[in-house]
Amino acid sequence: MSLYHQFKQAEKILFALDDKDKKKIINICQEIRSAEIELQKKSGKFMRRCLERCNGMCCRNVQLDLIINQFDFLYIMTIRPDLKPKILECLKKEKPFFPMDCVFLKNGKGPCIFPSDARPEVCLVTFCDDTGPVRKEIGKVKRKFFKLTWSVFLMRVKHFLNVSKT
C-alpha cells in the first residue's frame, strides 16, 4: 500500500472522529510525544552515531510503506497539523512498491522533515547499535503507538455497531 494511501487513510480517520474520540486521540498522541521526547533525551549517544557515522543509512533504499503507516501519519497530523503541506509535497516523490530513499529527507539527503518529537514510530525506535540502555523508553513509545492503533480500531467497531443498529 502506498504512503499516499496511508496518508489518506489517516485523514479519513481524523475526519470521521466525533469530538469525544478526537479528544481521546489527541491525548494518546500527546502521550506518544512525551514518550518520544523521553526516548530522545536518553538516546542522545545513539542519535549522534546515526547522524555522524551512519549518515542516515537506515533512510536509504527502503520499502517506505513497511516503515511508515496510517497511524504514524495520524499521530503526526494530530501533533503537527502544520506539516500536512510538506508531507503532501514529499509524497509526490514516492514510487510505490520499489525501494527508494525516504521521501521525507530534505533535498533528498536530510535531515528529516519531521521534528524529533513528531516522527514515525519505526524511525524513532530503530538504532544500529545495542539499545539495551534505552529498551524501556523504546518499549514505552511502542506501547503508546499500539494504544493509538487499538483505540482507532475500537472506535471503528463502535461506529460500525452504532450504524448497524439504525
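Helices (H or I, at least four residues) are taken as DSSP runs and numbered from the N terminus. Residues are numbered from 1 along each chain as its sequence is written. The model is predicted, so that local features need pLDDT of at least 70 and side-chain atom pairs count only at pLDDT 80 or more, while totals for chains, interfaces and linings use all residues; side-chain values use heavy atoms, with hydrogens and water left out.

The mean pLDDT (the predictor's confidence in each residue, from 0 to 100) is 88 for the chain, and 94% of the residues score at least 70. Among the elements of the chain, the mean is lowest in α3 (72) and highest in α4 (97).

Beyond its neighbours within four places in sequence, Leu74 is in contact (heavy atoms within 4.5 Å) with Ala10, Ile13, Leu14, Cys29, Leu148 and Val152.

Leu161 lies in helix α7, residues 135-165, and is partly exposed, with a relative accessible area of 46%.

Ser116, in the loop between α5 and α6, is also partly exposed, at 34%. Leaving aside neighbours within four places in sequence, Ser116 contacts Glu36, Gln40 and Leu124. The C-alpha atoms of Ser116 and Glu36 are separated by 7.9 Å, although these residues are 80 apart along the chain.

Technical notes:
Helix = DSSP H or I, 4+ residues; strand = E, 2+ residues; numbered from the N terminus. Buried < 20%, exposed > 50% of the residue type's maximum accessible area, 1.4 Å probe, protein only.
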